[in-house]
Amino acid sequence: MIILDSSIVRSFSLHSANADLLRAIRLGTGQAVSVPWMALEELVGQQAIKYRDKHERARQAISALDDITPWGAPDLLDPLDLDRIRDHWRAKWGELFSVVETTEGALREAAFREANHLPPCKVVKDFKTGMRDAAIWLSAVEYARDHPDETVYFVSANTNDFGSGAPYPSPMDKDVRALEGRFKHLTSMDEVAAEFSQPVETDIAWVTEALEKHSSGVISGTSEEGAFHLRASPVQCTVPTNTPGEYMAVPVYRFETLKVRFAGLDSAKAYRINDTLWVTASARWHLGGAGIIYAPDGFSVRGGCSWTVGVLFKGDESRWAMSVLRADTPVPLPVDDLERLNLATVPRTQYEGYAMSAYADPTLRWDLARYGLRPGDPLYSRVVGMAEGREPAGPSESVN
């Protein structure tokens, strides 16, 4: 088990090479990656405080503008919702690591140590401090005691309070006395990399070739033949208008990927973990597909977007498998790139048929859930209306 202190987590972002290294270690070795509950709440609290301060500054700015605006300034600021911010960051960090419980016993002992100036607690300018640090330390120690078959790697850059390993001051030395050999103290992500991986040169040309060759596999639900890739939220796409040669960027709902084209490698890093080559990479793909525009009535269009994705894969072509680590929000494609996808050559799909046919058979509506359409959805209502003859069918020429 790798247990990270908040000082380490603060040193990198979820999109960084260090975060990708932890993902590779987790998949390549089976090592769990976690943080103590106290460390997570410290990280979450820091984000909530930043948001609260920025929100207050924005509120004051809007209030000042309102004071000098004769007709009043619009209040565009959402109410302060710190619980939502906290939940957001718990979920985001939860994508990378699990949580080791900070028990009531650990919290009580941490409070006792702060009250009595016992390491890792201390006094700074006549103020007792360090209860959170002690709770983080004791969470890692308790986990190691409760899991005698595991080695715990405690990772913290806070060498001022935790030191850099044995010998520890009392009572920290007693905390780990029975854990010798199973409790390893690391102080940086470089030490984590050295512990779990071996240096290897990254062959950028080979990574680029491999990603281009296996482009279709990066899109969940997409195959060489084209398959459904439905999304709950709209995708910003470039789509043709009714005027030849004119395009616009619009939100497209239930985007169905029909074509995938590798567009470039942004970065890559190779690691050798347990004699297996692992590669993390950030790359761009151009997606062409079909979806629905909800204005004015809901009709089908074809368009494209650019998607930057972080991936992890083994360097073994015979057993190719790719994991998507993260994905940025898709952005509309430049017109030239959209035209290179040549979507007009792709036959109309069954999904487009549902959105654009006359729907003469009322039984079709019972199969709509398969395509993400459910009662209460505007498009669902329109499709059922067409099936029952209550609404005119959409024009088939709206496909571009």
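**Exercise 1.** Determine in which hand α2 passes α9, and classify their relative orientation.

*Solution.* In this predicted model, local features need pLDDT of at least 70, side-chain atom pairs count only at pLDDT 80 or more, and totals for chains, interfaces and linings use all residues. Residues are numbered from 1 along each chain as its sequence is written, and side-chain values use heavy atoms, with hydrogens and water left out.

Step 1. The crossing of α2 over α9 is left-handed, meaning that the near helix is turned anticlockwise from the far one by less than a right angle. Helices are DSSP runs (H or I, at least four residues), numbered from the N terminus.

Step 2. The axes of α2 (residues 17–29) and α9 (residues 189–196) come within 11 Å and cross at roughly 30°. Axes are lines fitted to C-alpha atoms over the stretch in contact, with angles from 0 to 180 degrees between N-to-C directions.

Step 3. Therefore α2 is roughly parallel to α9 (angles under 35 degrees).

Step 4. In α2, Asn18, Leu21, Leu22 and Ile25 meet Met189, Val192, Ala193 and Phe196 of α9 (contact: heavy atoms within 4.5 Å).

**Exercise 2.** State how many disulfides the structure holds, and examine Cys237.

*Solution.* Step 1. The structure holds zero disulfides (pairs of cysteine sulfur atoms within 2.5 Å).

Step 2. Cys237 is in no disulfide; its nearest cysteine sulfur, that of Cys305, lies 4.4 Å away.

Step 3. Cys237 has 0% relative accessibility and therefore counts as buried (under 20% relative accessible area, 1.4 Å probe, protein chains only; exposed is over 50%, partly exposed in between).

Technical notes
Helix = DSSP H or I, 4+ residues; strand = E, 2+ residues; numbered from the N terminus. Parallel < 35°, antiparallel > 145°, perpendicular 65-115°, else oblique.
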